[in-house]
Amino acid sequence: MIFKGHIGDVSFAKWLILLIISMLISHLGMTQSNDCNYSVSGMVFDQETKEPLPFVKIKLKNSPKGGYTDSKGKFFIGGLCSEKDSLLVTCDGYCDLLCGGNHEKNEPLPIYLAQEVQDLGPVQVVGEYHKEEGTQSIS
C-alpha cells in the first residue's frame, strides 16, 4: 500500500512511523515512572536512652533521595524505584549507620544510633586577672 498524501514536506508514511515511535517512547517513560512506588518510613532512636532523635539526616546510599526525621524522630521517603535500598543515617554526636531497608512490606523501621564519644585528652584552663588602673574613691 502506498500513501500519496503529504503533511508539510514529510510523507504520510514517515509521519505515521514518527507518531508510532513517539507514542512508544512516551509509554515506556510512563511505565518506568510507575515502577517507583516504593517507600520507606520509620523512627530513629538514641541507642542508650531509647528517646526519639529529631532532625537526623537519612539518605539512600546510591541516590540523591533522602530527608530528615521530624521533631518526633519519624521519617518517610517515597518514590523509590527499588524494594530494597541501603540507608545512610547520620547525626552530629552519633556514629553514622548504614542499614538495609526492605520497603516491600511497608513496615516502619526502628533505627538506633549509638552516641559517638570522643576523648578530648587533658584540658588546661588558664585564668588571668587584670586590674584597671585609675582613681579609686574610698568612703
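How many disulfides does a search of the whole structure find? The search finds one disulfide, defined as a pair of cysteine sulfur atoms within 2.5 Å. The structure is a predicted model, in which local features need pLDDT of at least 70, side-chain atom pairs count only at pLDDT 80 or more, and totals for chains, interfaces and linings use all residues. Residues are numbered from 1 along each chain as its sequence is written, and side-chain values use heavy atoms, without hydrogens or water.

The disulfide joins C36 to C81, with an S to S distance of 1.7 Å. C36 lies in the loop between helix 1 (12-34) and strand 3, and C81 in the loop between strand 6 and strand 7 (84-90), so the pair ties together parts that are 45 residues apart in sequence. The torsion about the S-S bond is about 85 degrees, so the disulfide is right-handed. C36 is partly exposed at 23% relative accessibility. C95 is also partly exposed, at 34%. C99 is buried at 17%. Here buried means under 20% relative accessible area, exposed over 50%, and partly exposed in between (1.4 Å probe, protein chains only).

The protein has one helix and nine strands. Their order is β-β-α-β-β-β-β-β-β-β. Helices (H or I, at least four residues) and strands (E, at least two) are DSSP runs, numbered from the N terminus. Strands pair if DSSP finds at least two bridges between them. Strand 3 (residues 38-46) runs antiparallel to strand 6 (residues 74-80), with five bridges. Y38 has L80 as its bridge partner in strand 6. Strand 3 also pairs with strand 9 (residues 109-113), in the parallel sense, over five bridges. There, V44 partners I111.
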